[in-house]
Amino acid sequence: MLRGGARRDQGAYAGADRTGGDPLDAAQERRVRAVLALGGVPQADLPDGVQQVRLRLLERAASGREAPRDVSAWAAVVASNLAMDWHRAKRRQERLGERLASLRAPEHPSGEETSVLSLAVARGLDELPDAQRQVLILRFFADLPVRDIAGELGVPEGTVKSRLHTAVRALRRRLHEDEVV
């Protein structure tokens, strides 16, 4: 029985390579969704996770590498790795948000401290390239999630995250140079 399942799995893999068909059958897709959901990925992100698994399987087939022995198991491992990546990215974003929030609203700042910080942040924002300033403002001042920013700007989420990371580093460096923080 296991051999038959492995052959069927490899057949789906080979079919996706030759015909461009779906490399995951319905049962494999359900398993991937379950692994992602159990890994803590929100319901709204499950379709993206399934597509990522499909994409990786198609890339593997296109590169000419040998089919996984059991596509279903391979897809479950990839889904598990994607869930871990999702959590890492979420933690990074939360830490970044906390750091920026602490810059925005220091505890009991005096009027002078607030003015100095505001001026330094404004100068730092002015020095950023337009694309970086735009995502920084949308994320931390307009409080939009990365997915919404990507949709509004028509760029991938990874591009938004990259721009945010670069902008925050540059702004942090500027505030340290000015000895504001």
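**View 1. Helix α4 and the positive patch.** Helix α4 (residues 71-104) supplies the largest share of a positive surface patch, namely four residues. The patch is built from R91, R92, R95, R99 and K161. Lys and Arg count as positive, with each charge placed at NZ of Lys or CZ of Arg. Accessible areas come from the Shrake-Rupley method with a 1.4 Å probe.

This is a predicted model, where local features need pLDDT of at least 70, side-chain atom pairs count only at pLDDT 80 or more, and totals for chains, interfaces and linings use all residues. Residues are numbered from 1 along each chain, and side-chain values use heavy atoms, leaving out hydrogens and water.

**View 2. A look at R92.** You will find R92 in helix α4. R92 counts as partly exposed because its relative accessibility is 46%; buried means under 20%, exposed over 50%, and partly exposed in between.

**View 3. The largest nonpolar core.** This core has 20 residues, and L100, L136, F140, V160, L164 and V168 touch the most other members. Two or more residues each come from α4, α5 (111-127), α6 (130-141), α7 (146-153) and α8 (157-177). The top contributor is α8, with six residues. A nonpolar core joins buried Ala, Val, Leu, Ile, Met, Phe, Trp, Tyr and Cys residues through side-chain atoms within 4.5 Å.

**View 4. The whole fold.** The protein has eight helices and zero strands. Helices (H or I, at least four residues) and strands (E, at least two) are DSSP runs, numbered from the N terminus. Of its 181 residues, 32% count as buried.

Note on methods
Patches are made of residues with over 30% relative accessible area and no salt bridge: like charges are joined within 9 Å, nonpolar side chains (Val, Leu, Ile, Met, Phe, Trp, Tyr) within 5 Å. A salt bridge is a side-chain nitrogen of Lys or Arg within 4 Å of a carboxyl oxygen of Asp or Glu. Buried means under 20% relative accessible area, exposed over 50%, partly exposed in between (1.4 Å probe, protein chains only).
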